[in-house]
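Please look over the sequence and the structure shown here before reading on. The briefing that follows takes up a few residues and then turns to confidence.

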Amino acid sequence: MLLAHPASDTTPVSALRQPLFPSLPPHLRTLAFIDLETTGLDASRHEVLEVAVLRVDARSLQVLAEYEARVQPTRLADAHPEALAVCGYSDEEWQDALPLQEVLATVTPLLAGTLVAGHNTSFDWSFLVEGYRRTELTLPSVDYHRLDTASLAWPLLATGEVESLSLNALAKRFGLHRPTPHRAMADARCALEVARCLAVRMARGGHMERLLEESGGVS
């Protein structure tokens with residue numbers, strides 16, 4: 001379902017009301033937080049089972065529109081059993097799933113002109129690229145950068161504040177509740193919440209300054 005989303009707040013964003021980047025170029029003004037659930041880890045062999053996209057204003061980190069859908073698998077024989085178990089796949093749950101081509105056609109305008117974001121973004125993006133290739137749809141024009149919350153959170157790992165860069169570890173560090181992990185929309189929202197928390201912390205100063213102090217600065 002595609003929804004306009006005037007506001008989605010579980011993390012206060014008052015600290016972000018002033019633009020973090022006063023002169024953002026047009027192609028960086030909108031983010032698209034994505035998350036996919038798949039039948040395995042290999043985009044050339046496995047398939048997309050679920051897609052979620054949050055189109056987000058880059059300055060306020062407010063959600064502008066959202067979409068989520070389950071996708072009909074066509075090659076379950078190639079699926080990894082553990083991947084199916086993790087995302088809760090069953091024939092009954094997926095009986096109303098949509099063809100990949102239909103899902104990607106809806107996703108296209110949400111991605112167009114954005115900076116793609118998420119947690120371990122390269123994994124999800126690789127499946128989208130392969131999906132567009134298989135369906136012979138045109139890949140949306142997006143910025144060549146990627147915003148990855150795992151990379152943004154690296155200073156927390158370097159300073160020992162988290163034990164890993166997993167989404168679960170970061171959610172726990174920031175006190176974020178994850179009622180349904182490994183569901184596409186739930187994980188897309190969690191990645192956005194982590195980004196909000198990191199943006200507030202960066203705006204106030206924090207882990208990077210501590211890291212530089214402990215390491216003796218940048219040479």
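Which backbone oxygen does the side chain of Thr 38 reach? In this predicted model, the side chain of Thr 38 reaches the backbone oxygen of Gly 40, at 2.5 Å.

- Thr 38 lies in strand E2, which covers residues 30-38, and with a relative accessible area of 8% Thr 38 is buried, because a residue under 20% counts as buried.
- Leaving aside residues up to four places away in sequence, Thr 38 touches Glu 47, Val 48, Leu 49, Ala 83, Phe 123 and Phe 127.

**Leu 84 and its surroundings**
- Leu 84 belongs to helix H1, made up of residues 81-86, and Leu 84 is also buried, its relative accessible area being 17%.
- Although Leu 84 and Thr 38 are 46 residues apart in sequence, their C-alpha atoms are 7.7 Å apart in space.
- Not counting residues up to four places away in sequence, the residues that Leu 84 touches are Thr 39, Leu 49, Leu 76, Ala 79 and Tyr 89.

**Confidence in the model**
- Across the protein chain the mean pLDDT is 86, and 82% of the residues reach 70 or more.
- Confidence is highest in helix H2 (residues 100-111), at a mean of 98, and lowest in helix H8 (residues 207-215), at a mean of 49.
- Over residues 214-219 the pLDDT is below 50, and this stretch has three contacts in the model beyond near neighbours in sequence.
- Residues 4-17 also stay under 50 in pLDDT, and for them the model has 33 contacts beyond four places in sequence.

Conventions. Residues are numbered from 1 along each chain as its sequence is written. This is a predicted model: local features need pLDDT of at least 70, side-chain atom pairs count only at pLDDT 80 or more; totals for chains, interfaces and linings use all residues. Side-chain values use heavy atoms; hydrogens and water are left out. Helices (H or I, at least four residues) and strands (E, at least two) are DSSP runs, numbered from the N terminus. Buried means under 20% relative accessible area, exposed over 50%, partly exposed in between (1.4 Å probe, protein chains only). A polar contact is a pair of N or O atoms within 3.5 Å; within protein, one must be able to donate a hydrogen and the other to accept it, and residues adjacent in sequence count only if both atoms are side-chain atoms. Contact means heavy atoms within 4.5 Å. pLDDT is the predictor's confidence in each residue, from 0 to 100.
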